[in-house]
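Thanks for coming. I will go through one model this morning, strand by strand, and then stop at a few residues.

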Amino acid sequence: MTLPNTFRNINDLKASIVPVLVQNAFSHVVNTDGEVAGDRGPIRLSVGYLPIAGRDFYQQIIAAGDNADVTLAVVEDIQRQISI
């Protein structure tokens, strides 16, 4: 992916994802060098980032939970909300 001009850097993009998780009832939300992550009930969701070159980066959304269907639904919902 390429970072849109609306963000100065990948940290700005990551910071914009924190409120999305909070608004979607995630707790223990963290913003570390490599990811933005949080918990929603039994689901742990992580949005990971790997800079490639210039404004290009790799974004991966992963989650773990007790119920595969519910976990996948959460991932898809968050993915829609943070797609750039």
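Predicted model: local features only at pLDDT ≥ 70, side-chain atom pairs only at ≥ 80, totals over all residues.

**Hairpins, sheet and helix**

Three residues make the hairpin link from β1 to β2. Residues are numbered from 1 along each chain as its sequence is written, and side-chain values use heavy atoms, with hydrogens and water left out.

Back to the strands. β1 and β2 are antiparallel, with three bridges between them; two strands count as paired if DSSP finds at least two bridges between them. In this pair, asparagine 31 faces valine 36 of β2. Valine 36 also stands opposite valine 47 in β3.

That takes us to the pairing of β2 with β3, antiparallel again, over six bridges. Here glutamate 35 has glycine 48 of β3 as its bridge partner. The hairpin of β2 and β3 has two residues between the strands, and glycine 41 in its turn has a positive phi of about 60°.

Next, strand β3, residues 43–53, runs antiparallel to β4, and nine bridges join them. Leucine 45 is bridged to alanine 63 in β4, and leucine 50 stands opposite tyrosine 58 in β4. This hairpin too has two residues between its strands, β3 and β4, and glycine 54 takes a positive phi near 60°.

Put together, the four strands form an open sheet in the order β1-β2-β3-β4, with antiparallel pairing. Its edge strands are β1, residues 27–31, and β4, each pairing on one side only. From one strand to the next, the twist averages 10°. Helix α1, residues 10–23, packs on this sheet and touches β1, β2 (35–40), β3 and β4; its direction makes about 5° with that of β2. Contact means heavy atoms within 4.5 Å. Axes are lines fitted to C-alpha atoms, for helices over the stretch in contact, and angles run from 0 to 180 degrees between N-to-C directions.

**Single residues**

As background, most residues other than glycine have a negative phi. Alanine 25 counts as exposed because its relative accessible area is 57%; the cut-offs are under 20% for buried, over 50% for exposed, and partly exposed in between, with a 1.4 Å probe and protein chains only.

Histidine 28, in strand β1, also has a positive phi, about 50°, and is not a glycine. Its relative accessible area is 60%, so histidine 28 is exposed.

Last, tyrosine 58, in strand β4, residues 56–64. At 44% relative accessible area, tyrosine 58 is therefore partly exposed. Leu50, Ile52 and Tyr58 form a nonpolar surface patch with about 330 Å² of accessible area together. Accessible areas come from the Shrake-Rupley method with a 1.4 Å probe, and for residues only the protein chains shown count as cover. Patch residues have over 30% relative accessible area and no salt bridge; like charges are joined within 9 Å, and nonpolar side chains (Val, Leu, Ile, Met, Phe, Trp, Tyr) within 5 Å. A salt bridge is a side-chain nitrogen of Lys or Arg within 4 Å of a carboxyl oxygen of Asp or Glu.
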